[in-house]
Every structure is written in structure tokens, then in C-alpha cells.
Amino acid sequence: MHPILEQISRIGIVPVIKIDDPQNALPLAHALVEGGIPCAEVTFRTAQAADAIRAMAAGSADILVGAGTVLSTEQVDRAIDAGASFIVSPGFNPEVVAHCVKRGIPITPGCATPSDIERALAFGLEAVKFFPAEQAGGLDYIKAVSAPYGNVKFIPTGGINAENLGRYLAFDKVLACGGSWMVQADWIRDGRFDEIAALCREAVHKMLGFSLAHIGINTESDAEALRSAEQIARLFGFAVKPGSSSVFAGTAFEFMKAPYLGKNGHIAIATKSLSRARYQLERQGFGFRDDTEKRDASGAPMAIYLQDEFAGFAIHLLQAGK
């Protein structure tokens, strides 16, 4: 997959932006980066779009800037010249798509039917925009229409919000979601950038869905691990489940048969998307131990430990449902 599309997938959310004053573009870019969504699709719905793209791309190296609502090859050229890294169009315009392919810039055209998807495949595209997502049938429609096209990814846009974001992103053929609820035009116009950053953080938290999976406690032997698990089980009526390296009491307590990472043990945090969670935490400066990473048969990450300990406990992320 194209590196830009891979980056969009890691970010997970594409803010769709209508901006009237280019002077607001750079403060908006900083708010998006601060809020954990370092991405912007600046739509050509205003005459200032190219100037806004230029201000963002030149002023912040931390944000991925693209152009949306691109309807002509002339707009493609203006967007690229301004520093756009990707192009988004509301429908499938073969002339625009061909021009983007020729210029070597990723484009996700709007596709709402199997015929649209097959035209995109004919141009060698790897991802398409599904628009308007909710009005065109939502996630159920994406699941149905994507079935014959195993390698195509979708970026649903239109009606996406903080409440339904997680459902869309849980489907493995959804590359990312586009939305404007966290970048409302009047908030941008009024300079409410702190509030925009806060909504972005809220969206990221909903996307990742962190929750406590279990606590692992180090013991010195198989016998001590089993004894400890049985004691907890008797107290609270939990089931005891021995494993190769540990013994569980219920689902919340794991007793290690020998000390592992962490002076006292480890804390397992489940997330809806381990790859996106890792991306977000690495952006904040946290490191990971690649030697602890586990993947499933398809190559998708299942678990990995952070480098640091917290109060004597190591922390590992766990893909929810794995």
C-alpha cells in the first residue's frame, strides 16, 4: 500500500475541513496535532483552499495535508503545488483519477457502487472513499459491497461522528474514517482551537477504546502461581484456568509461573486497534519492545509491551478480541 495511505490508516481519522480564512490554517493544524489527529483534508469548497493547504504544509512538518472535494485536474495541480500529499474527490471522475495517477499522488475517489469500485481497480487504486456513508447504507452496505473485492479499503465519509466511529473502524476493510464533527467551520472561524483539540482527543480515545484486560502478578514457581490463583478463586468464585506460563483466576488475574517483565508483574490494556494505539503512544514519546510483539496468522499485531515500567509493573497492549 502507498505510504501515505498507510499513514492515514495509522491515524484512523481524517478531519474534513472547510476553511474561509487561511490565517486560521496553521493554528488549526497545531490543534489537530495536539489533539492526536495529525491529518487534514482541506476541501475545495472555498476559494482559500489552496492557500490554507500551503499554510498548513509549510508551517507544520507534523501534519499530513490533503485536498478534498477535488473536481478537476486544475484543482489537482493547485493542490499539489500548494503541498497536498493526497487527493480526495466526492465521486469517480476518470479524468481526475487518471491525472492523479499520472502525477503520482494518491487519490481516494468517491465510490458507492460495485461499478465505481471496479473502475477504481482498473486504475490500480488501493482505497476509495465511500460517500455519503450513512445515507448510502452505512457499515452494513460497506460489508456487503466489499465482499467481492478483498484488497480494496474504504474511507467512509458523511454522517460519521464520535458515536459511530468505532463501529466503522472495527471493520478490517475500513482504512480510516472522514468526518467534520471535530472541525466545525464556525469553530475554525471563531478561533476555538482549544475546543477543536479537545474534540480530537475525545475522538482518538473513542477510536482506541482502552480498557483494563487483566493484571499479571509475578510468582516464583508453578506451585505458587496455582496456589495464588486458587485463593483468589475461592474468595470471589472465579474459575481457575492453568496455562503454559501462567494461571488465570477469572479473566482479571494472571499469576505468572516465573517472573517475567516488570518487577511486580504486568498490566494488560486492551484496545480496539493495537496498531493505531502504538502510533498514538509513540507520538507521545513512549517506546515499545519489539522482541515481545505477537502477531496472529494473518500478520496482524496481537500484543506488545511498552519499554517502561509503571510502579513496578510492565504494561502491554492487547488487541481486543484476540
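Which residues lie nearest the centre of the largest pocket? Select Asp172, Ser273, Ser275, Arg276 and Ala300, which lie nearest its centre among the 24 lining residues. This is a predicted model, in which local features need pLDDT of at least 70, side-chain atom pairs count only at pLDDT 80 or more, and totals for chains, interfaces and linings use all residues. Residues are numbered from 1 along each chain as its sequence is written, and side-chain values use heavy atoms, with hydrogens and water left out.

A pocket is an open set of points on a 1 Å grid over the protein atoms alone, where a 1.4 Å probe fits, with protein on both sides within 12 Å along at least five of seven lines; lining residues have an atom within 4 Å of a point. The largest pocket has a volume of about 800 Å³, the volume being the space filled by probe spheres set on the points. Next, colour helix H1 (3–11), helix H8 (165–169) and helix H12, the elements that give two or more residues to this lining. Helices (H or I, at least four residues) and strands (E, at least two) are DSSP runs, numbered from the N terminus. By class, the lining of the largest pocket holds 10 nonpolar, seven polar and seven charged residues; Ala, Val, Leu, Ile, Met, Phe, Trp, Tyr, Cys and Pro count as nonpolar, Asp, Glu, Lys and Arg as charged, and the others, Gly among them, as polar.

Val204, Met207 and Leu208 of H10 meet Arg276, Ala277 and Gln280 of H12, contact meaning heavy atoms within 4.5 Å.

Move to the second largest pocket, with about 610 Å³ of space. Of its 24 lining residues, Ser245, Phe248, Glu254, Lys294 and His316 lie nearest the centre. Strand E15 (301–310) is among the elements that give two or more residues to this lining, and E15 gives the most, with four residues. The lining comprises nine nonpolar, 10 polar and five charged residues.

Finally, select Ser60, in the loop between helix H3 (49–59) and strand E3 (64–68). Ser60 is buried, with a relative accessible area of 7% (buried means under 20%, with a 1.4 Å probe and protein chains only). Leaving aside neighbours within four places in sequence, Ser60 is in contact with Leu26, Ala29, His30 and Val33.

Methods:
Buried means under 20% relative accessible area, exposed over 50%, partly exposed in between (1.4 Å probe, protein chains only).
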